[in-house]
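Have a look at the sequence and the structure first, then read on.

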Amino acid sequence: MCPHCATSSGEFKLKGFDPVRLGLRLEQLVQKNSSRKYYRFRATRFYGGIATGDVVGCNLRCIFCWSGRARDDPRLGFFVDPEQAFNKLHRIASQHKYRYIRLSYGEPTIGWRHLVSLLDLVESSNYIFILETNGILLGAFKERARDLSRYTRLHVRVSIKACSPELFAKLTLAKPEGLEYQLAAVNNLADYNVSFHVALFLSYGDDKCWQNLVNRLIEIVGPRIVDNIEPEYLVLYPNTKRRLKFYEKILGIKPRIVYEP
Ligand code: SF4
């Protein structure tokens, strides 16, 4: 049985959780003072090579997500303070001669104190920090976007999960209004002049739906947003396959574009 669905007249209907509430609740569980729960540290090939800290906990439940159990289960992982995290990332980056570092796997904006302390350390290094985020908490709390504006060695990538509120609910299992937080994040980052771009998860939704979404982004940021849009697609990693197998039938939804890893 789908834990985020309810049945009515024999049909599955999404209940949709509040991703801001979940984010704040998780923050209490995966952050202690400025330490945050991690799952592992590793070198990855993205961005031409990037040192990556995989963090525990995300406030969405995307049905196409590649992350494993530590995405949903805050009991997993181990606490790491900002200095330790920076040192681990630095060690990986210098070993592989990488310029970039990031947090991945879960949502890096959950555990704000940890994140800004880590960014303080990055600021006095030669690295660029790529903040890959679903943007929900940056949209809900404008002051978080303002905090980011003081960093010069930071670039934010906001991954927009769907082109309509209905599709957002189906793909993330959160309430449809959650999409508005993602758009508010774009607005807040633009208002505070933070370096950022958006990635659009194009595997679901038709061209008309995505054109409407792009029009909303143009209204928010202006036409320049179009120059930097990154298309993002579903990749059939093992965890993705497992989730899709479960949810596709329940939700009656199929991707239009899919890639093998
Ligand atoms: S795809 Fe990203 S935002 Fe969605 S559940 Fe996975 S980690 Fe969270």
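1. Let's start with a question: is the β-α-β unit made by S10, helix H8 and S11 right-handed or left-handed? Keep in mind as you look that this is a predicted model. The unit is right-handed, with H8 covering residues 207-221.

2. Now for the strands around that unit. S10 (residues 196-201) pairs with S9 (residues 154-160) in the parallel sense, over five bridges.

3. Stepping back, the protein chain has nine helices and 13 strands. Its radius of gyration is 18 Å, and a compact globule with 261 residues would come out near 18 Å, so the two agree. The C-alpha atoms fill a box of roughly 55 × 45 × 35 Å along the principal axes.

4. What about the inside? Of the 261 residues, 41% are buried. Among contacts with a separation of 6 or more, 78% are between residues 24 or more positions apart.

5. Finally, the ligand. Which residues surround the ligand? They are Cys58, Leu60, Arg61, Cys62, Cys65, Ser67, Arg71, Gly106, Glu107 and Asn134. Sorted by class, that shell holds four nonpolar, three polar and three charged residues.

Definitions and conventions. Residues are numbered from 1 along each chain as its sequence is written. This is a predicted model: local features need pLDDT of at least 70, side-chain atom pairs count only at pLDDT 80 or more; totals for chains, interfaces and linings use all residues. Helices (H or I, at least four residues) and strands (E, at least two) are DSSP runs, numbered from the N terminus. The radius of gyration is taken over C-alpha atoms; the globule rule is 2.2 Å times the number of residues to the power 0.38. A residue is buried if 20 or more other C-beta atoms lie within 10 Å of its own, exposed if 12 or fewer, and partly exposed in between; C-beta atoms are placed from the backbone. Two residues are in contact if their C-beta atoms, placed from the backbone, lie within 7 Å. A residue is near a molecule or strand if its C-beta atom, placed from the backbone, lies within 6 Å of it. Ala, Val, Leu, Ile, Met, Phe, Trp, Tyr, Cys and Pro count as nonpolar, Asp, Glu, Lys and Arg as charged, and the others, Gly among them, as polar. Two strands pair if DSSP finds at least two bridges between them. A crossover is right-handed if, with the strands pointing away from the viewer, the path from the first strand over the helix to the second runs clockwise.
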